[in-house]
Amino acid sequence: MRIEFTVDGKYYTLSVSSDKPLNLLLSDDLEIKSTSFACSGRMCGLCVVLMDGKAVLSCLVPAFEVRGKTITTFDGFSKTRDYRDIEKAYSSMQNYPCDRCRAARSLLIESIVRRYEVTGGDFDSGEVLAEAALIDCDCMDSDGFLKVVRESILNRRKRKNVRRA
Ligand code: FES
């Protein structure tokens, strides 16, 4: 089948098998190497990307679902000001993810930050920790992860307010 989609701001058209998973589209067809994968589905969480701004396990998203979508990988995201908000949070909390999960974890945090940025709702630690469980890595404990997420949200709100002023 033919699919059109956008990845890190670039528009692509590909002819692929309809069930080819997004992580393989990214690595094989587009040669994007920042999306890791270390299992055959739903176990490692290292394949997280953003699809229309929401974190998804790219190994579970078949090509036909990618049609018309906007995908963000860590290749593109790591060059944005949005990523700086998260980097600053890692730094001020003195809590950094390991190299293995940094890409997936940062994209997962971005997905959460965008949700709170948009809704402005009350921070739900239980919900955030349930999302954190997507990534199978012990480099950041639950408390540390929540602090980094909260700080990232604050950084984002501060920066957006400054920009509007
Ligand atoms: S490759 Fe392990 S969860 Fe996607």
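Leaving aside neighbours within four places in sequence, which residues is I109 in contact with? I109 is in contact with I86, V148, V149 and S152, where contact requires C-beta atoms, placed from the backbone, to lie within 7 Å. The legends below describe a predicted model, in which local features need pLDDT of at least 70, side-chain atom pairs count only at pLDDT 80 or more, and totals for chains, interfaces and linings use all residues. Residues are numbered from 1 along each chain as its sequence is written.

**View 1. Overall fold of the chain.** The chain has 7 helices and 5 strands, arranged along the sequence as β-β-α-β-β-α-β-α-α-α-α-α. Helices (H or I, at least four residues) and strands (E, at least two) are DSSP runs, numbered from the N terminus. The radius of gyration is 16 Å, close to the 15 Å given by the globule rule for 165 residues, so the chain is as compact as a globular protein of that length. This radius is taken over C-alpha atoms, and the globule rule is 2.2 Å times the number of residues to the power 0.38. The C-alpha trace spans about 45 × 40 × 25 Å along its principal axes. Of the 165 residues, 34% count as buried; a residue is buried if 20 or more other C-beta atoms lie within 10 Å of its own, exposed if 12 or fewer, and partly exposed in between, with C-beta atoms placed from the backbone. Among contacts with a separation of 6 or more, 66% are between residues 24 or more positions apart.

View 2. The chain is divided into domain 1 (2–73) and domain 2 (81–164), with bounds that come from an automatic or database domain assignment. Their C-alpha centres lie 22 Å apart. In the interface, 15 residues of domain 1 are in contact with 11 residues of domain 2. On the domain 1 side, β3 and β4 each supply at least two of the residues that touch domain 2.

**View 3. The largest nonpolar core.** A nonpolar core is a set of buried Ala, Val, Leu, Ile, Met, Phe, Trp, Tyr and Cys residues joined through C-beta atoms within 7 Å. The largest has 38 residues, of which C47, V48, V49, A104, L107, L108 and I109 touch the most other members. Elements giving two or more residues include β1 (2–7), β3 (48–51), α4 (81–93) and α5 (102–119). Helix α5 gives the most, with 8 residues. Both domain 1 and domain 2 give residues to this core, so it lies between them.

**View 4. Packing of α4 against α5.** The axes of the two helices come within 10 Å and cross at roughly 105 degrees. Axes are lines fitted to C-alpha atoms, for helices over the stretch in contact, and angles run from 0 to 180 degrees between N-to-C directions. Helix α4 is thus roughly perpendicular to α5, a class covering 65 to 115 degrees; angles under 35 count as roughly parallel, over 145 as roughly antiparallel and the rest as oblique. D82, Y83 and I86 of α4 meet S106, I109 and E110 of α5.

View 5. L22 lies in helix α1 and is buried, with 26 other C-beta atoms within 10 Å. Not counting residues up to four places away in sequence, L22 touches V49, S58, V61 and V66. E151 is found in helix α7 (residues 142–164) and is buried, with 21 other C-beta atoms within 10 Å. Leaving aside neighbours within four places in sequence, E151 is in contact with A89, S92 and M93.

Methods
Two residues are in contact if their C-beta atoms, placed from the backbone, lie within 7 Å.
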